[in-house]
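Please read it alongside the sequence and the coordinates.

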Amino acid sequence: MVDKTVDRGHGHRRIGEYVAPSREGLVGQTAEQRRAIRQELSAPLVADLEVWMREQRAKLSRGNDLAKAMDYMLKRWPAFTRFLDDGRVCLSNNAAERALRGIALGRKSWLFAGSDRGGQRAAAMYSLIVTAKMNDVDPQAWLADVLARIAGHPANRIDELLPWNWRPLPRVANSQAA
């Protein structure tokens with residue numbers, strides 16, 4: 001049961017309405033262009049939503065189900081609003097769900113990972129491969145390159161090897177071939 005003291009002025013809006021302005025015209029835009037559009041169109045709406053939620057939350061008792069839902073979201077506010085500051089962040093998880101569909105389809109095969117550690121390693125590798133694909137990087141080329149150079153790569157620059165930052169080393173012609 002919803003507490004009658006909650007002002008429903010914003011309650012009738014769906015979260016999608018706060019992020020919808022930043023979806024329009026984003027296809028084909030760079031991450032920086034998406035960030036700028038989101039900052040201009042969605043950031044003010046999202047800031048307004050946070051103020052409203054905090055005001056309404058103060059009117060609810062701790063055990064109220066709506067209060068629990070608001071607490072959950074407010075505690076995770078930085079994660080919810082990350083899309084405003086990073087144009088690479090997708091506003092839906094559709095791409096991730098599509099990428100994981102292969103895991104669900106082949107789940108019987110995954111039973112034979114050999115051990116829990118083997119299953120964890122397989123999951124980590126699959127995550128890296130799917131991440132490379134989602135960033136338009138050939139997973140085989142990326143993985144071969146990263147494995148070949150990771151031992152000599154500075155640990156404080158390991159982020160350069162992540163699929164969204166990775167650039168293959170230029171190929172040097174072997175002029176000393178015998």
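The text below moves from the overall architecture to individual residues.

**Overall architecture**

The model is predicted. The protein contains ten helices and zero strands, and its pattern along the sequence is accordingly written α-α-α-α-α-α-α-α-α-α. It has 178 residues, of which 25% count as buried. Among contacts between residues at least 6 apart in sequence, 57% join residues at least 24 apart.

**Packing of α2 and α3**

Helix α2 covers residues 31-41, and helix α3 covers residues 43-57. The two helices pack at an angle of about 50°, and their axes are 4 Å apart. With this angle, α2 is oblique to α3. On the α2 side the contact is made by R38, Q39, E40 and L41, and on the α3 side by A43, P44 and L45.

**A buried arginine without a salt bridge**

Which side chain of opposite charge is nearest to R34, and how far away is it? The nearest is that of D86, at 7.2 Å. A salt bridge requires a nitrogen-to-oxygen distance within 4 Å. R34, although buried, has no salt bridge. The residue is placed in helix α2. A polar atom of the R34 side chain lies 2.7 Å from the backbone oxygen of G87. Leaving aside residues up to four places away in sequence, R34 touches L26, Q29, G87 and R88.

D86, in turn, is paired with another residue: the side chains of D86 and R88 meet in a salt bridge, with an N to O distance of 3.0 Å. R88 is exposed, with a relative accessible area of 51%, whereas R34 is buried. R88 is also one of the residues that R34 touches.

**Salt bridges**

The count of salt bridges comes to six. The table lists some of them, including the D86 pair described above.

| Pair | N to O distance |
|---|---|
| R54 and E50 | 3.1 Å |
| R57 and D71 | 2.7 Å |
| D86 and R88 | 3.0 Å |

The pair R54 and E50 belongs to helix α3, where the two residues are four apart and so are separated by about one helical turn. R54 is partly exposed, at a relative accessible area of 43%, and E50 is also partly exposed, at 22%.

The side chains of R57 and D71 meet in a salt bridge of 2.7 Å. R57 lies in helix α3 and D71 in helix α4 (residues 65-75), so this pair ties together parts that are 14 residues apart in sequence. R57 is buried, with a relative accessible area of 15%. D71 counts as partly exposed, at 23% relative accessibility.

R34 and R57 are both buried arginines. R57 meets D71 in a salt bridge, while R34 has none.

**A positive phi angle in a loop**

Where does D136 lie? D136 is in the loop between α9 (116-134) and α10 (139-149). Its phi is near 55°, a positive value in a residue other than glycine. Most residues other than glycine have a negative phi. D136 is exposed, with a relative accessible area of 75%.

Definitions and conventions. Residues numbered from 1 in each chain as written. Predicted model: local features only at pLDDT ≥ 70, side-chain atom pairs only at ≥ 80, totals over all residues. Heavy atoms only, no water. Buried < 20%, exposed > 50% of the residue type's maximum accessible area, 1.4 Å probe, protein only. Lys, Arg positive; Asp, Glu negative; His and termini not counted. Polar contact = N/O pair within 3.5 Å; in protein donor to acceptor, adjacent residues only side chain to side chain. Contact = heavy atoms within 4.5 Å. Axes fitted to C-alpha atoms, helices over the stretch in contact; angles between N-to-C directions. Parallel < 35°, antiparallel > 145°, perpendicular 65-115°, else oblique.
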